[in-house]
Amino acid sequence: MDFSLLGPVTVTAGPPAASVELPLGPAKRRSVLAMLLLRPNATVSVEQLISSLWEDEPPAHARTVIQGHVSRLRAALAEGGAEDHGVELTTHSSAYLLRIPDALIDTQRFDQLTAQASPESAPGEAVQLLRQALGLWRGPALTGTVASPPFAAAAHALEERRLSAVEALARAHEALGEHEQAVRALHPAAVANPLREGLIAALMLALYRSGRQSDAIAWFHRTRQLLDDDLGVDPGQRLSAAYQEILRAAPAADGPRGGAEAAGAPGPAGQPGAQPVASAPSHPLSAAAAASAPAPVPELLPRPPAGFHGRGAELAELTRLALGTAEPAQGGSGSYPQEGGIALLSGPAGVGKTGLAVHWGHVHAAAFPDGRLFADLRGFSGGEAVVPAEVLRDFLLALGTPAEQIPTSPEAASALYRSLAARRRLLVVLDNAGSSAQVRPLLPGGPHCATLVTSRSRLDGLIATDAARPVRLHALGPEDGVALLGGLLGPARVAEDPEAARELVALCDGLPLALRAASAQLMARPRWRLARLATALRDERRRLALLSAEDTGVAAALRNSVARLSADDAQLLRALGAGFAREVNTAEAAALSGADPELIQDSLERLAEMHLLDEEATNRYVMSDLVKLFAQGDESGRGNTPGGASGGASGDPSQGG
């Protein structure tokens, strides 16, 4: 068996050539296991687990929920042959203990390998040990756990240990005289941690010793400027000492190049460098040169949404978060966003997230003179979500990077992207995100950039780790909904029957996507009055079919949301849809579904996180009419496909987001 925390929290069992991942269940259950693995062979109290799993006030039945999670973890581990590997999850009064050999946990193996490494006295052996240790990492530590301060602190501590190992690996290469390899080890970490002075100092010295004096000095000035801009401080002793050492000992010009350019390190502007090494694509521009070199101004935003109306409060909030001001930018003179300006637009399918983000981007285009980037991540589009590496390639091409100079490593490509964005004023719109992990590699590194992320999920992880500011979108009110119909159909047609227009808004639940589909029906039938369509929509058996237009519509959008649910959560949604009431509490939901009352709260939270339910008050969940109709016809998770609607709602802003 193998227990992994250095990346997604997973447990695998079976022979190495054919190992399988054990089903661990929802995030809270993975989090219970993660907390036990962070403290192996030691008791973890129920109180510690409760404080880690619930950032806010825990529910009254929190102990029962944890008992249920532990019980299911025991069953999953037993199925994986835990007993044969000396793994046992036991109960000790009001605490739990996971007995497990250290060799089965990747964090323990990582610590053992790094402890054995001695970069100064045995550098050759240290290189092998540290490479093996760093090879255990599969992404950000503790991915898949709940977003709470204890897990954020634990993930940060693990990341610090990884960076220390990277620095130790570089010291070992330096001791062997392998300065190019030291640059290769340090550069991605330095780009991702531009204010970690010890890391930058080590990279500067490695660059200098490999004959790259000007690049080393450029890194110093870039870091000094970042420290001044972001923290208002001067370089510390270690960074200043490295700079002085280079100035005292360096010749007037760079020496021979060697292979450092191929290591992914920054080089002089316009110099292609040595032939690239297969495992580390070339990166010919220094960070300073890349940021200042002339580059194209990309314009990847889709066309503005037709008939956009309302959303005044949300637009003002976006302006405040992204530009640091409540007033529209004039001539690009608006103030810079704070902390990268990440705004997270979330809401149910069809509520208009994409349209709002694109509309705002066009209105404030002048505030981003270096370009506007856009990508549909297809997190809820019915097919495979877009891999971040594909988006990075598109962004790098749009920013002027030649195709042959784009790194093949996703980590190196992300680092290059952040370097190019560091001194630019860019707007980045990441639409239809499926998860926080999908978004993080695409966040620009510059403090003068603004990022708008849209998702049907709340993406709590992005809020916890990247300081994203949430902007929740709700359905349109009657006045704004009627105004949207008027913008699409023409005000005269709506004015003929204002009461029918208001009824249409109500029957469409105020969703822009549904209102646009209804408008498409009316535009295709110019002789119909609005009252005729309203009469047809009153028939609940036909409503979803009528609110579809070719490959888009409410049913298609909801189908793609439900496809992301587990079988148990989808079954609960169908049970709630079949129930009479639109509003339920935990006990009522358990009675309707026949599910375990101890665990039903987690399912309700996941449905609310996907905006398939709305938690209007503590333990009071409301289902909209359109979601209820869809859930009633959703059999075996296939979704409701009335009227032949198929496919998914794309990132086209005209479709409501």
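User: What should I know before starting?

Analyst: Numbering runs from 1 along each chain as its sequence is written. The model is predicted, so local features need pLDDT of at least 70 and side-chain atom pairs pLDDT 80 or more, while totals for chains, interfaces and linings use all residues, and side-chain values use heavy atoms, without hydrogens and water.

User: Which residues of α25 and α26 meet?

Analyst: L572, A575 and L576 in α25 are in contact (heavy atoms within 4.5 Å) with A589, L592 and S593 in α26.

User: How do you know that the length of α12 agrees with what a helix should span?

Analyst: The expected span is 1.5 Å times one less than the number of residues. With 12 residues, α12 (residues 312-323) should span 16 Å, and its end C-alpha atoms are 16 Å apart, so the two agree.

User: Which residues of α12 are buried?

Analyst: Buried means under 20% relative accessible area (1.4 Å probe, protein chains only). In α12 those are E314, L315, L318, T319, L321, A322 and L323. They pack against β7 (342-346), α13 (353-363), β10 (450-455) and β11 (469-472).

User: What comes just after α12?

Analyst: G324, with a positive phi of about 75 degrees.

Technical notes:
Helices (H or I, at least four residues) and strands (E, at least two) are DSSP runs, numbered from the N terminus. Buried means under 20% relative accessible area, exposed over 50%, partly exposed in between (1.4 Å probe, protein chains only).
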